[in-house]
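Morning, everyone. I have a few slides on side-chain contacts and surface. Let me put the model up.

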Amino acid sequence: MDLFDSTEATRTDVGERALLVHMDLPDGAGREDLDEFHHLVSSSGVVPILEVTGRRDRPDAALYVGSGKAAEIAELVAEHEIDVVLFNHALTPAQERNIERVVKTRVLDRTGLILDIFAQRARTHEGRLQVELAQLRHMQTRLVRGWTHLERQKGGIGLRGPGETQLETDRRLVRERIRAIEARVEKVRSQRSQGRRARQRAETPLVSLVGYTNAGKSTLFNRLTDAEVYVADQLFATLDPTLRKVRIPGVGPTILADTVGFIRHLPHRLVQAFRATLEETLSAGLLLHVTDSASDERDENIAAVDAVLEEIGADQVPVLHVFNKIDLLDTAARIDRDEEGLAVRVWLSAVTGEGIELLHQAMAERLAANWVDRWIVLPAAAAGRLRARLHEAGEVLAEQTTTDGNLLLRVRLNRVHFLRLLREAQLDEQDVFTAYPEVAVENEPSYNPEASH
């Protein structure tokens with residue numbers, strides 16, 4: 001057993017006094033990272049007073065830590081006037097209840113701690129709904145805790161007779177509240193679906209930021225969009241999804257979405273509760289998987305994010321890895337490519353801005369599969385309005401007028417959108433690509449249009 005005293009806090013300090021419990025278990029037996037636990041605790045706002053660690057081959061079925069360790073924790077709780085005992089593990093309802101009986105104070109497991117942080121961070125109505133839904137589902141299995149004195153039938157004037165126990169009443173009320181919130185979350189999901197369909201009709205690419213919590217997603221989002229999304233060196237600083245329209249050089253108008261961060265062993269009920277938010281990743285044309293490149297747990301964090309993406313069905317969406325925080329490493333910004341020359345990884349710093357141009361380049365390459373990039377010829381009669389629409393829709397890289405009054409443009413924009421604009425002008429690809437065969441050469445920016453006239 002290891003016992004570590006942290007800085008003592010007086011009773012007048014803001015925040016509850018907490019005792020932290022971490023057991024070192026073999027891999028695959030619910031092992032958690034201790035440093036990440038410290039970060040979770042600091043993000044929750046409690047004041048850590050003591051830290052109790054130990055080692056077990058497997059968790060104790062009744063108390064998780066064993067009877068001896070539980071008795072030791074109880075003594076420390078009484079001696080240091082501890083308000084809450086935080087476990088860096090997922091406890092069963094029975095284990096949580098049994099430990100509370102021994103230590104005589106409130107016990108919160110890793111899932112409960114994350115839920116509490118979520119409740120503090122949620123700002124929008126949608127975010128609060130999803131947090132409450134996750135909390136109620138978590139509470140459903142733990143209602144018996146602290147309610148044993150109510151496990152009797154209601155009595156008193158007006159309440160005599162068979163009736164139902166107070167505990168049954170509370171369980172029924174929780175079930176009804178869950179159903180009500182699920183209906184409201186489903187409405188939110190429907191509204192988001194309508195928004196996605198509108199973006200798809202406009203053929204606006206959607207790029208979604210995903211990554212481990214505190215990897216720097218919101219900082220990168222602010223860097224790319226000039227937004228002012230809340231940024232802090234905390235876990236789960238961002239809960240509410242934020243969408244912004246940006247213009248990516250070489251791509252044009254693009255929707256960028258910032259999402260909630262992931263974490264190892266993210267409770268399934270949290271993934272379910274935030275499914276309406278995470279569904280933004282399902283319709284994305286590209287995922288930017290942001291990773292803290294300076295973290296010692298880099299590979300494990302990537303695996304944790306991949307696991308959540310697979311759980312929500314987003315593992316088939318194209319991914320561009322962004323290795324952030326190179327300002328903390330002795331490395332330069334660069335693009336890593338696979339054997340076929342495809343950009344697969346960008347090294348950058350969202351804080352300093354180093355490598356952002358490379359990210360723009362890589363994003364343009366990855367989104368360019370369904371894009372037109374070539375010279376076109378517009379008849380003089382259709383040139384005015386169509387030219388303006390092309391400028392709005394994408395990027396006109398160059399333009400010149402031919403001797404017979406037609407307009408030559410080198411355009412780069414989404415193919416589906418391009419074809420729709422042509423139909424509106426009552427033109428097709430043959431009209432603009434073959435009217436002047438010598439300029440209908442794809443990817444030929446150096447063409448001199450005056451040479452053919």
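Start with valine 246. It sits in strand S7, residues 242-248. Is valine 246 buried or exposed? Buried, at 9% relative accessibility. The cut-offs: buried is under 20% relative accessible area, exposed is over 50%, and partly exposed is in between, with a 1.4 Å probe and protein chains only.

Some ground rules. This is a predicted model, so local features need pLDDT of at least 70 and side-chain atom pairs count only at pLDDT 80 or more, while totals for chains, interfaces and linings use all residues. Residues are numbered from 1 along each chain as its sequence is written, and side-chain values use heavy atoms, with hydrogens and water left out.

Next, aromatics. How many aromatic pairs does the structure hold? The count is 1. The partners are phenylalanine 323 and tryptophan 347, edge-to-face, at 4.7 Å centre to centre and 70 degrees between the planes. Phenylalanine 323 is in strand S10, residues 319-324, and tryptophan 347 is in strand S12, residues 343-347. They are 24 residues apart, so the pair links distant parts of the chain. For the criteria, rings of Phe, Tyr and Trp (its six-membered ring) pair if their centres lie within 6.5 Å; planes under 30 degrees apart are stacked, over 60 edge-to-face, and the rest tilted. Phenylalanine 323 is buried, with a relative accessible area of 5%. Tryptophan 347 is buried too, at 9%.

On to salt bridges. The structure holds 12 of them. The test is a side-chain nitrogen of Lys or Arg within 4 Å of a carboxyl oxygen of Asp or Glu.

One: glutamate 176 with arginine 172, at 3.5 Å, N to O. Both belong to helix H6, residues 166-201, and they are 4 residues apart, which means a separation of about one helical turn. Glutamate 176 is partly exposed at 36% relative accessibility. Arginine 172 is partly exposed at 30%.

Two: aspartate 336 with arginine 345, at 3.1 Å, N to O. Aspartate 336 counts as buried, at 16%. Arginine 345 counts as partly exposed, at 26%.

Arginine 387 is partly exposed at 30%, and glutamate 399 is partly exposed at 31%. Back to the second bridge for a moment: salt bridges with shared partners join Arg334, Asp336 and Arg345 into one network.

Last slide, the surface. Which residues gather in a patch of negative charge there? Asp306, Glu310, Glu311 and Asp315. Patch residues have over 30% relative accessible area and no salt bridge, and like charges are joined within 9 Å. Glutamate 311 lies in helix H10, residues 298-311. Glutamate 311 is partly exposed, with a relative accessible area of 33%.

That's my set. Over to you.

Methods. Patches are made of residues with over 30% relative accessible area and no salt bridge: like charges are joined within 9 Å, nonpolar side chains (Val, Leu, Ile, Met, Phe, Trp, Tyr) within 5 Å. Accessible areas come from the Shrake-Rupley method with a 1.4 Å probe; for residues, only the protein chains shown count as cover. Lys and Arg count as positive and Asp and Glu as negative; His and the chain ends are not counted. The place of a charge is taken as NZ of Lys, CZ of Arg, CG of Asp or CD of Glu. Helices (H or I, at least four residues) and strands (E, at least two) are DSSP runs, numbered from the N terminus.
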